[in-house]
Amino acid sequence: MSNTSIPLDVAAAEEHLMRFLSVEGVTGQEANIGAAVSEALQAIGVPKSAIRFDDVNTRIPLPTETGNLIVDLPGTRPGPRLLFSTHLDTVPLCAGAKPRREGDRIVSDGTTALGGDARTGVAVLVVVAETLLKHKLPHPPITLLFTVREESGLHGARELNPADLGGATMCVNVDGQSASDLIIGAVGQENWEAVITGRASHAGVAPEKGISATMVGAIALAEARNAGWFGKVVKPDGRGTSNVGIFGGKDNKPAGDATNVVTDYTYIKGEARSPEASFATKIANGYRQAFAKAQAEVKDHEGETAELTFTQTAAYPPFELGKDTPIVKRAAKAMQILGIEPVYVFSNGGLDANWLDKHGVPTITIGAGQAEIHTIKEYVNLSEFEKGCRLGILLATLDD
């Protein structure tokens, strides 16, 4: 099938996209967009019996309205089962988005983000299903996966039951900007938290009787930076990045109550990323050691130190697919048929693909026009969206 022979109804595809962009569904509140997608699938001829929601929301450790939406399309020819995935949720900044067309773009009204991340992917998956059914295109068995809570921890993909994927052997995840970008790997992330409990005292009358939790934190972060663990991290045995994201007190309040009281509590949270899970752990360990050193340095007049609790947990695993992996070869072949030169990308951010690969389904990620995501300047490039739709249809119908 060539680019010109792909029977894409561009107007219908854009109509799907506008519809999905107009349905609110911030992370954790995906029931309405899930229902809208289910209705759209039934309207294009997918039997209701082929559409289901799993129970992943019962396993996600955050309140989540609904499970992942999963659709099974029986194959019209033999072949390994393909999985197409994207995520239903948007970031909170998209709440109340009012999409409108402006030339070759879809934009918001400028007061919210748009939600092209990843409603472009949601539309692509529906367009693929519609095109296959309407034109009776030969294809292997296909599963469509619309995940929840991607934007708040990749939870829909992380906590799903791999058995619900129907034995899929490879996956196309739609969650990117350029149709030419072929994401074949991504870093892993480890999160860390430090809770410092000091001792309050009057900062003017008896500062020596206090143990400043903020000072412990400040020294620790300076120590971590001096040891090369902050920002871009390059060591002989690995590379990665880290950041300190939160430096505060209890219940999202400031660390401390007043300038004349030695701070008795501080909460600090950060992250570490690396292409190697073990090195992400090593970065977090660097922070652990820095906090322990700072704890020992800050003492009251009796030599007592603050209490320190440091915890670190893996957020998602890294992965990288070789160019000879079947799904990578399939994607590269499809792009070349469309006249697109693939740009192989290793992402510095986590994707559902990280967990789908961990579940045993090698996953590439392609783009479909989302741009300036997570900002009020967000827009959808309709030319790239069309390319993403064509690429999706071709990936679904290519001979093995």
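In this predicted model, Cys94 is buried, with a relative accessible area of 7%. Cys94 takes part in no disulfide, since the cysteine sulfur nearest to its own, that of Cys389, is 19 Å away, whereas a disulfide requires the two sulfur atoms to be within 2.5 Å. Cys389 is likewise in no disulfide; its nearest cysteine sulfur belongs to Cys171 and is 17 Å away. Cys389 is also buried, and its relative accessible area is 0%. A disulfide is a covalent bond that links the sulfur atoms of two cysteines. In the structure as a whole, the number of disulfides is zero.

The protein chain contains 400 residues, of which 54% are buried. Its secondary structure consists of nine helices and 18 strands. Computed along the principal axes, a term that here refers to a calculation on the model, the C-alpha trace spans about 80 × 45 × 40 Å. Among the contacts in the chain with a separation of 6 or more, 79% are between residues 24 or more positions apart. The chain exposes about 17,000 Å², and 51% of this area is supplied by carbon and sulfur atoms. As for charge, there are 37 positive and 48 negative side chains, and the centres of these two sets lie 2 Å apart.

Helix α7 covers residues 326–337, which makes 12 residues. From its first C-alpha to its last it reaches 17 Å, close to the 16 Å expected at 1.5 Å a residue. The buried residues of α7 are Ile327, Val328, Arg330, Ala331, Ala332, Ala334 and Met335. These buried residues pack against several strands, namely β3 (82–87), β7 (170–174), β8 (181–186), β15 (343–347) and β16 (363–366), and against the helix α9 (382–397). Just after α7 comes Gly339, with a positive phi of about 80 degrees.

Arg149, which is not a glycine, has a positive phi of about 50 degrees. Arg149 belongs to the loop between β6 (142–147) and α4 (155–158). Is this residue buried or exposed? Arg149 is buried, with a relative accessible area of 9%. When its neighbours within four places in sequence are set aside, the residues in contact with Arg149 include Thr27, Gly28, Glu30, Ile60, Leu62, Pro63, Thr64 and Asp89. Leu154, His155 and Gly156 are also in contact with Arg149.

Glu372 lies in the loop between β17 (370–371) and β18 (379–381). Glu372 is partly exposed, with a relative accessible area of 44%, whereas Arg149 is buried.

A last feature of the backbone concerns a peptide bond. Asp117 and Ala118 are joined by a cis peptide bond, with omega about 0 degrees. Ala118 lies in helix α3, which covers residues 116–134.

Note on methods
Residues numbered from 1 in each chain as written. Predicted model: local features only at pLDDT ≥ 70, side-chain atom pairs only at ≥ 80, totals over all residues. Heavy atoms only, no water. Helix = DSSP H or I, 4+ residues; strand = E, 2+ residues; numbered from the N terminus. Buried < 20%, exposed > 50% of the residue type's maximum accessible area, 1.4 Å probe, protein only. Contact = heavy atoms within 4.5 Å. Areas by Shrake-Rupley, 256 points an atom, 1.4 Å probe, with all protein chains shown as cover. Lys, Arg positive; Asp, Glu negative; His and termini not counted. Charge placed at Lys NZ, Arg CZ, Asp CG, Glu CD. Expected span 1.5 Å × (residues − 1).
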